[in-house]
Amino acid sequence: MSTYLVHYTDKAIFGNYLRSRRIMGAALLLLAANYAVHFFAEIRFRNVNAAILMNLSTYFLCYWLFSSALTTLLDRFYITRRRFVVHACQWLLFTALSGVVLLGLPDGLIQKAGLLVMGVWLVAYGLVLARRLILSYRRAVRLFDDTRSDDVGAYIRWMSVFTYWAVIFGVGCGLLTFLPDEYIYIWILSSVPFYIFLYYSYMNYLLFYEQVEQAFESEMPLEEKNMGEVLPEEEHELPSCYVEIGEKLSAWIESDGYLTLGLTLKDLAEISNTNRTYLSAYIKQTYQLSFREWIASLRLEYAKRMLLQNPELTIADIAEKSGFQSASHFIRLFKENENCSPARWRKNESE
């Protein structure tokens, strides 16, 4: 895997991926240092409040690093100097106020109230960053669904899973911080599966990163350009070009053009000699589907005909001839639409 990494990340397109890995690496090193202090310096046994302060400060900074590492994979312009300064100042302020509460106030109700405020602040900060990441993820998935026939969004789904897991894990770690000293091993061991999943996801994403990034490069500028363009929503307001688009699409469907592997909205717009923005809007308004969903529905109908007309073909053969990425992808989509496998459907329809 290391040879693979060196070979492929020499390409300029992997620059953003490497930056994300470095940021994530800094977060992991920071957490590792935190664990080391707990284990070897036994800070919890020397000064409990100092240990809690260290944890609060570390988690606050790591929330920013974790979210930045993932968000930059979805938005290469996310990390700016202004954003960096704002979050750095927030971290310093949070750490300073936490220090005042834990080290400056005497033990008692006032300190507990102050600590509660800092805990709520930490959780709220993490949730805001998580929400921002989820919104970026959904925007990316929507972009891919509207412009790609392949399910490119599947390649970044791990980020969504990781974000929800990170929120649960982060809140859990905050609570585990206050465990009695003899149970501190629970806090440490709970992180092991979390980091294993993170490592696996990052390394696995390397296999698909180039395809995802190329999609971003080709479609993001178009999306930003069309953000201010208002398209008609009512049927009677549809522009006259929609009639021509409909006729061209009908002819294209009759010729089974949707079977082309790696088909994109741009490809279809060029074939139809029309504007991508209007073409996308036409598909959404006419079929109530995204571009990817629409193409998938056409391919599924074609596959159904193939299943009945060519009983000698295997499911894998039909998946390939119908334009699907893989047999497993075809089977999953088929089950979602028909509530049974292609083989079962073929058998039921043949009886």
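**View 1. An aromatic cluster.** In this predicted model, ring pairs join Phe14, Tyr17, Trp158, Tyr202, Tyr205 and Tyr209 into a cluster. Rings of Phe, Tyr and Trp (its six-membered ring) pair if their centres lie within 6.5 Å; planes under 30 degrees apart are stacked, over 60 edge-to-face, and the rest tilted. The structure holds 29 aromatic pairs. The model is predicted, so local features need pLDDT of at least 70 and side-chain atom pairs count only at pLDDT 80 or more, while totals for chains, interfaces and linings use all residues. Residues are numbered from 1 along each chain as its sequence is written, and side-chain values use heavy atoms, without hydrogens and water.

**View 2. The Phe66–Phe194 pair.** Phe66 and Phe194 pair edge-to-face, 6.3 Å centre to centre, with 65° between the planes. The pair links distant parts of the chain: Phe66 lies in helix H4 and Phe194 in helix H9, 128 residues apart. Helices are DSSP runs (H or I, at least four residues), numbered from the N terminus. Phe66 has a relative accessible area of 12%, so Phe66 is buried; buried means under 20%, exposed over 50%, and partly exposed in between (1.4 Å probe, protein chains only). Phe194 is also buried, at 3%.

**View 3. The Tyr155–Phe208 stack.** These ring centres are 4.4 Å apart and the planes lie at 5°, so Tyr155 and Phe208 are stacked. Tyr155 sits in the loop between H6 and H7, and Phe208 in the loop between H9 and H10, 53 residues apart. Tyr155 is buried at 16% relative accessibility. Phe208 is partly exposed at 26%.

**View 4. The largest nonpolar core.** A nonpolar core is a set of buried Ala, Val, Leu, Ile, Met, Phe, Trp, Tyr and Cys residues joined through side-chain atoms within 4.5 Å. The largest has 57 residues, of which Tyr17, Phe66, Leu73, Ile156, Tyr202 and Tyr205 touch the most other members. Helices that each supply at least two residues include H2 (15–41), H4 (48–74) and H6 (109–147). H4 gives the most, with 15 residues.

**View 5. Around Tyr202.** Beyond neighbours within four places in sequence, Tyr202 is in contact (heavy atoms within 4.5 Å) with Tyr17, Ser20, Arg21, Met24, Ala69, Leu70, Leu73 and Trp158.

View 6. A separate core of 35 residues includes Leu263, Leu265, Ile283 and Cys340. Cys340 is buried, with a relative accessible area of 17%. Cys62 is buried at 2%. The whole structure contains 0 disulfides (pairs of cysteine sulfur atoms within 2.5 Å).
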